[in-house]
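Here is a protein model to walk through. Take a look at the sequence and the fold before reading on.

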Amino acid sequence: MSESASTHSTQRFDVILIGGGIMSTTLGAILKELQPDWNIALFEKLDGVGKESSDPWNNAGTGHTAYCELNYTPRGTDGSISTAKACGIADQFHVSRQLWSHWVKEGVLGTPRTFINALPHISFVWGPKNTQYLRDRYHAMRAEPLFSHIEHTEDLDTVAGWAPLLGRGRADTTPVAASRFEDGTDVDFGSISRQLAGHLGAQGVAMRYNHEVSGLSRGTDGRWDMKVKDTAAGEKFSASARFVFVGAGGGALSLLQSSGIEEIKGFGGFPVSGQFLRTTESAITEEHHAKVYGLASVGAPPMSVPHLDTRFVEGRRSLMFGPFAGFSTNFLKAGSYFDLPLSVRGHNLIPMLQVGAANTSLVTYLMKEVAKTHKKKVEALRDFYPEAHPDQWELITAGQRVQVMKRNEKGKGVLQFGTELIASADGSIAGLLGASPGASTAPSIMFKLLERCFPGQIESWKPQLENMVPSFGRVLNEEPKLLHEVSAATSATLQLGS
Ligand SMILES: Cc1cc2nc3c(=O)[nH]c(=O)nc-3n(C[C@H](O)[C@H](O)[C@H](O)COP(=O)(O)OP(=O)(O)OC[C@H]3O[C@@H](n4cnc5c(N)ncnc54)[C@H](O)[C@@H]3O)c2cc1C
C-alpha cells in the first residue's frame, strides 16, 4: 500500500495520524514496525506531542492494572464481587508492559525510569460497610491468578506501615481496611509519547507540529481528504490518506462527525475537567510511596475516585490528591468554549438530553465540586492524610475528559465512562472517544484497532505481533504459567523489581 507521491496541492500518505498523544504515537510506532514501507504522517495542532491529556500533569499517571481502583470490582445484585472487568484491565496492562519492554530492548524507548516506576497500589476504605466490601473483594480477587498476590489488612498500624500518612493523626475508633499490591506502577504517558515521537521522526514519519486538521471528507477515489492549517506559517493545504486514525483526544468527536461516517451517529460528548492538589515538600513526599485509591462518593462518576498518589515526573517526586471535578465546555484543555455546543447534532441531541435527565446526581455532584473551596478540598484530602495543611498544597488543573454519550441498544441515551473505539465499516478510518482506563491500555486498544481496520493484513502480522507481545491473543488469567513468565520478564526489563 506504499504511497509516497505528493502533488503541490495535496500531500498524499498511506496513513495519517491526527493528534500527537499516547494513542497516535503508540499506533504509529506499531505500524512503522509492522509496515516500515508505509508512508505515515502525524499532524498535531500544538507545538509538540503529549501536551494534552497524555501530559503527566494532565492525568494521574496510574498504570491501570485494576489493583486499587474499586470501581472495577463492583458488588453485584446477588452480593458477590465481580472481578471480570478487573481481570480484563489487568490483562491489558500486561500487554502494555510487554510492548514497552519490547521497545526498551529495541532502543525505541530509553531508560525505563524515564517513563515507568514501581509503586505499590493500595485500596483504602473506612466504616463497617466499606471494610466488609474490601474484605469480600480481597477474597474474590485472590482467587484470580492475576491478583493472587493481593495483601489485606484491617489493622491501622499495618496500614500506617504501608502508607504512614494515612495513619498519622487518625483516631482508631472507625474501622479501616486496606488491600495492597506491591507491583503497581506510576507511568509518565507524556514521556512515552515524546520518546515514541522521536523514534517516529527518526524512522521517516512526517511529524508535523502546529498543524491543525479542520475537517475530513471522502474523496471519489476512496481516500480520506483533510484540510490542514500550518498555524506557525499561517498556511493551509490538503492532505489525503488511505487510512486515518483520529487520535485527537477531545478533538476526536468533531473530526469523526465531519467525516460523516454512520458509526459516529448518536454519539455525543460530556466534558469533565479535573483538578489535583499537589505538594513537592520533601518532608511529606518522602513519607508516602504508593497510589492509594478510595471509594467514589455517592453520585460521583468513577473517574472521580479520590486517590493520594506518589508521582515521578522528570526525575522529581511529588504527591498528588484528587481529582476534583470541574466543568468547562472545552473538549480540550487548549480547546474552545464552543466545543460542547458545536458538537450537538440532530442525531445526538435526544440521547444527550436523555443523559442529562437520567444523571441528575452527576449534575448535582459536579455543581458541588465546582463550588468547593481550597479549604474544602483539603478537608477531603484529610480523609486520607488527616494531618494535611492547606498551605502545603497547591491546586493544579489537569486535562479534560470527554465522557461518551451514546444511544444504547434500546435507542436511549446513556453516559459511558470507558474508552470507545469507533471505526468505519470498511476500516478506512477509526478514532477514539472517552477516557478511562485510557493511556494505560493504549497498546491493547491499538491492537483491537488493527484487527478491526486491517483484517487483510492481521494474519501476516501475527508473528511480529507475538514477538512484540508474547501473550498476544491469549488470556493471561487462564494461563498462570505464561502470566508468571511475562510478568517476570517485563519486571526485569522495565526495572520494576520482582
Ligand atoms: C484528570 C485525568 C486523569 C487521568 N488519569 C489517568 C490515569 O491515571 N491512567 C491512565 O491510564 N489514563 C488516565 N487518564 C486518561 C488518559 O490521560 C487518556 O486516556 C490519554 O492521555 C488519551 O490519549 P490521546 O492520545 O487519545 O489524547 P491526548 O493526549 O489528549 O492527545 C490528543 C492530541 O490531539 C491533538 N489534537 C486535537 N485536535 C486536533 C486537530 N484538529 N488537529 C491536530 N491535532 C489535534 C491535541 O492537541 C492532543 O495533543 C486521565 C485523564 C484525565 C483527564
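The paragraphs below go from the sheet to its helices, and then to a few single residues.

This is a predicted model, in which local features need pLDDT of at least 70, side-chain atom pairs count only at pLDDT 80 or more, and totals for chains, interfaces and linings use all residues. Residues are numbered from 1 along each chain as its sequence is written, and side-chain values use heavy atoms, with hydrogens and water left out.

Start with the sheet. Nine strands make up an open sheet with mixed pairing, in the order β5-β6-β4-β13-β14-β15-β12-β16-β17. Strands here are DSSP runs of E with at least two residues, helices are runs of H or I with at least four, and both are numbered from the N terminus. Two strands pair if DSSP finds at least two bridges between them. β5 (151-153) and β17 (413-416) are the edges; each has a single partner strand, so one side of each has no neighbour in the sheet. On average, neighbouring strands are turned by 30° against each other, direction ignored.

Now look inside the sheet. β13 (residues 291-293) and β14 (residues 307-313) run antiparallel and are joined by three bridges. Val292 stands opposite Leu308 in β14.

Two helices come next. Helix α3 (residues 128-142) lies across β4 (121-126), β5 and β6 (176-181), at about 30° to β6. Helix α10 packs on the sheet too, touching β12 (268-279), β16 (394-407) and β17, and its direction makes about 70° with that of β17. Contact means heavy atoms within 4.5 Å. Axes are lines fitted to C-alpha atoms, for helices over the stretch in contact, and angles run from 0 to 180 degrees between N-to-C directions.

What about the backbone? Most residues other than glycine have a negative phi, and most peptide bonds are trans. Ala66 has a positive phi, near 65°. Ala66 sits in the loop between β2 (40-43) and α2 (84-106). Ala66 is buried, with a relative accessible area of 0%. Gln495 also has a positive phi, about 55°, and is not a glycine. Gln495 lies in the segment after α15 (480-493). At 41% relative accessibility, Gln495 is partly exposed. Buried means under 20% relative accessible area, exposed over 50%, and partly exposed in between (1.4 Å probe, protein chains only).

Pro323 belongs to strand β15 (residues 316-326).
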